[in-house]
Amino acid sequence: MLEPCVGAARKKQGWSCRDIPQFVVGYENYQRDMGQMDAGMKNEMFREEEMDDDDESPSERQIVVGICAMTKKSKSKPMTQILERLCKFDYIDVVIFPEEVILEEPVEKWPLCDCLISFHSKGFPLDKAVEYAKLRNPLLINDLNMQYFIQDRREVYRILQEEGIDLPRYAVLNRDPDNPEECNLVEGEDQVEVNGEVFHKPFVEKPVCAEDHNVYIYYPTSAGGGSQRLFRKIGSRSSVYSPESSVRKTGSYIYEEFMPTDGTDVKVYTVGPDYAHAEARKSPALDGKVERDSEGKEIRYPVMLTAMEKLVARKVCLAFKQTVCGFDLLRANGHSFVCDVNGFSFVKNSMKYYDDCAKVLGNMVMRELAPQLHIPWSIPMEAEDIPIVPTTSGTMMELRCVIAIIRHGDRTPKQKMKMEVRHPLFFELFEKYGGYKTGKLKLKKPKQLQEVLDIARLLLVELGQHTDCEIEEKKSKLEQLKTVLEMYGHFSGINRKVQLTYLRNGKPKASSEEEDSKKDGPSLLLVLKWGGELTPAGRVQAEELGRAFRCMYPGGQGDYAGFPGCGLLRLHSTYRHDLKIYASDEGRVQMTAAAFAKGLLALEGELTPILVQMVKSANMNGLLDSDSDSLTDCQQKVKARLHEIMQKDQDFTEQDYQKLAPTGSPSLVNSMKVIENPVKTCDKVYALIQSLTSQIRKRLEDPKSADLQLYHSETLELMLQRWSKLERDFRMKNGRYDISKIPDIYDCIKYDLQHNASLDLEDTRELFRLSRALADIVIPQEYGINRAEKLDIAQAYCVPLMKKIQLDLQRTHEDEAVNKLHPLYSRGVMSPGRHVRTRLYFTSESHVHSLLSIFRYGGLLNEEKDQQWKQAMDYLSAVTELNYMTQIVIMLYEDNNKDPSSEERFHVELHFSPGVKGCEDEETIPLGFGFRPASSENEDKKPNQGSLEDLSQDEPDQALQVSDPINIQRRSPMIRNRKTGSMEVLSETSPTHSAKGCTSHRLFISCSRQSPEIKPASGLGFEGCSMVPSIYPLETLHNSLSLKQVDEFLNSVCESNSEVQAKTMKALSGLFASQSQISLYSPQQPLSSSGSEASLRPPGQPLWHGSIPSSAVSSAGPSSPITESSGLNFSFSE
């Protein structure tokens, strides 16, 4: 019985599966096969088409990897996935030992192999496996003798302690089975004493046999007593609560302190000492309910390990001599403790892990056995280990830092309602949550929103019963408050909030919403905000952009969607990617950040766990949030001027052009030409909104469409409310227009055109065209009309962020304890101290506008003297809208060939994309000059995707000998080739396009040296007739800035505003206080672009410490996660 699995190379040569049993499970034929193999006669296996003319003999033989385990394990899905990938190594064959052979045959009759993967599980004869290993002496992936120790928790803890790995405090209670009463255990009501060591409840009781999963946790009486009984998962349960409070009286146990872990356990999976994958799951002790996703799999959260934890992973792997090894970490009180070592175990359901695992194992086997068996295999150099890339200017440099500021994705329209309240219940609520301290209160938590809803319901009931009662709140407003708070059937603080502001003398009458009657005495202004949630389309946009972003990292070219050689993912898994993601405290921004992280790191599963683990959120003290209620004086004045100009009932004059567009921006001038007369245009917009609301009312009266489900579970009723409110608010009682409502009108029509086009309402295109022209003036100009105002307002918003970017670039506040390997333990990783730092800042429109204003008007470069900057400024002033997913990206490179004190050592590039494509007018979008245009010799190279070992052959150069110094100068004419400029966007018409012919776009990302077989993003047409627009490619604004230039510019911008300076320092000190960790390394000096060489290195280190000499750099060659060759062992001592 044979089950063949043929490697990719054989498929290319046209072999059929029956010709070569390569992934063999069988017994009858194994002796014949193995005899043939042992004689080195597996002639048909060598690769004819790749034989050299040199001295390669035709008697090359395959390396046989034997899998010796119980069928349940050897045929499991993860094992099958990994073995299929392992088979793609050209010289590796896999043989699975059948269970009946393992159990019934003597070891002399077991199949032969060169390398053995064997591990214990229930019913496995470990003694026989040890005997076989002695007889045949194969290369052992996991040591067999150590597997006896792994079965005994006492031995596991002993070994961990000897290695100096943190464990919970514990004691061992050994009982004699014949005489269980005689033991050193004293039990009290809320504690036990074991061998004189006292454990207060809660404590954990574990059987000493590791195969016994009946672990009990005992709770103190103050918490209700009883115990939680953990067991092996059965269906959707992993533990059950029991009222039993006394410990077990028979059997031997380990007693240990209970660790408070916020309800998550971290599971770590190593593949050799230099690779570890970690994920968290809900702790089984929490409620015993196994969280499963929509496909019934246990939900696992992606986790990033700290440097300390990576060191622990390395120690566990080496101490237990298990290459493939799983263990459990508890993160509690700022420390990580190992509580269990499981030996051989794989990650489930992670394609990236399967790719990486097969690659690490394959390279390990080839490295050990190829020389002995005279197989012509060279150790693949790490293509991505030192992230060397050709920069846009053509030289080879190392990528050191990527900083991106990104606007959130597509959202539902933001809506708000204001009402004045005076009922005592509202004042009680205001006092309860400390509103009197500042005079303001924000309510977002479900419990708080429930209280507001309860008050609204109560007042409405009273109003219903007594029409003449003393309730001053308007009934219609209370009803709206109730409706909005009852939406979705549950509260999620992320999508609704209530703000209360104390008004000492009541509210001055301002807008059309208010009645004429006005009472004296204090009142509260209640502002209800809802909507503005990230839509499913927004999630897809963010995830796709995350995937596309991988292309910016070396090795990330090729099919960006998780090709095994993906540079960023490899950097990340081997701990040389230091990533932090920050988001403002708005739900849509945080969810965008989580979706982006999911795409960037090829994570799987729901967004919530990713958000919890990966996104540094909360209000970052002004770093990414802006208190929109407190506008600066300058902004107030700008708004007043803007309103005044837009209220003139006449065509724009030359003077108006001067007033409104002093910078002469083409996008503004074009919009003003479309508008001509602002009041007449507002009249048209108002009439179109009236027509729209009457059309929706007619639809509601029609029984066929009354219950129509619109996009994102909105109803026609809610859509009507949205538009009616705009109709009421846009035209005030005095007949003038409220210009501040223009962005909301544009927002709503843009949303409905994209997502609700199937309603086929009349004149929506015209409403979109006019409101867009108005919005293109009002929105950017609210951030300042002339240069001085733009700069002033921008500084008020984003000096703290600029300061943080400056720190990111200087690398002064390096959180050293995060994602690096310890230099002393990094044998086999070429550049352990080097890593790419990525900082992602997700925020809202205001910060993106402000940041761009600072770069444009802050004096970074002189347009007259710098042609590239002039072109960039022309391009930016032609961009009309900073749409969802707008990106500003800063990349820092280091040229190791340049003198450390030279300004040319560090090189900064600035890139920009205006985000998502609009509904129409795509032809009018200004073209930039492309993203990092490829150097000419790269254009014809295509990666060979045939085998796992060719993953990086899309690099243009051959792997260089380690001894050759590298000094590569590339010819890179600044060509704009739309085919090779990364992140190309194509659009296709989707079958679900609306009757109006609005096309659906798909995002295709094409990089320099891109593989031709790109798969289109899937799942983009959903929720009825909606579509996901594509995102404009990144355009390079400038590619030859020095770090010194950028640093001085940021200094001047940040220091010119003293008022903001204090706010900045407060924001940053708060930020770093929350992140401080003990450093593992010698303190590194800040990298500066000037100063002596000595200033660049830690004291007591050789000159090149942390800056590997360029002679060790390869710009190409297939990659392998571990290269433990003797030639690459750098010593880190003098």
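**View 1. His-911 and its partner across the strands.** Thr-1036 in strand E31 is the bridge partner of His-911. E31 covers residues 1035-1042, and five bridges join this strand to E30, with the two running antiparallel. Strands here are DSSP runs of E with at least two residues, helices are runs of H or I with at least four residues, and both are numbered from the N terminus. Two strands count as paired if DSSP finds at least two bridges between them. A quick note on what you're looking at: this is a predicted model, where local features need pLDDT of at least 70, side-chain atom pairs count only at pLDDT 80 or more, and totals for chains, interfaces and linings use all residues. Residues are numbered from 1 along each chain as its sequence is written, and side-chain values use heavy atoms, leaving out hydrogens and water.

**View 2. Strand E30 pairs with E29 too.** Here E29 (residues 887-894) and E30 pair in the antiparallel sense, over eight bridges. Look for Ile-890: its bridge partner in E30 is Leu-910.

**View 3. The two faces of E30.** Which way do the residues point? Phe-906, Val-908, Leu-910 and Phe-912 go one way, while His-907, Glu-909, His-911 and Ser-913 go the other. Whichever way they point, all of them are buried (under 20% relative accessible area with a 1.4 Å probe, counting protein chains only; exposed is over 50%, and partly exposed is in between). So E30, residues 906-913, is mostly covered, with eight of its eight residues buried.

**View 4. Stepping back to the whole protein.** The protein has 31 helices and 31 strands. Of its 1134 residues, 59% are buried.
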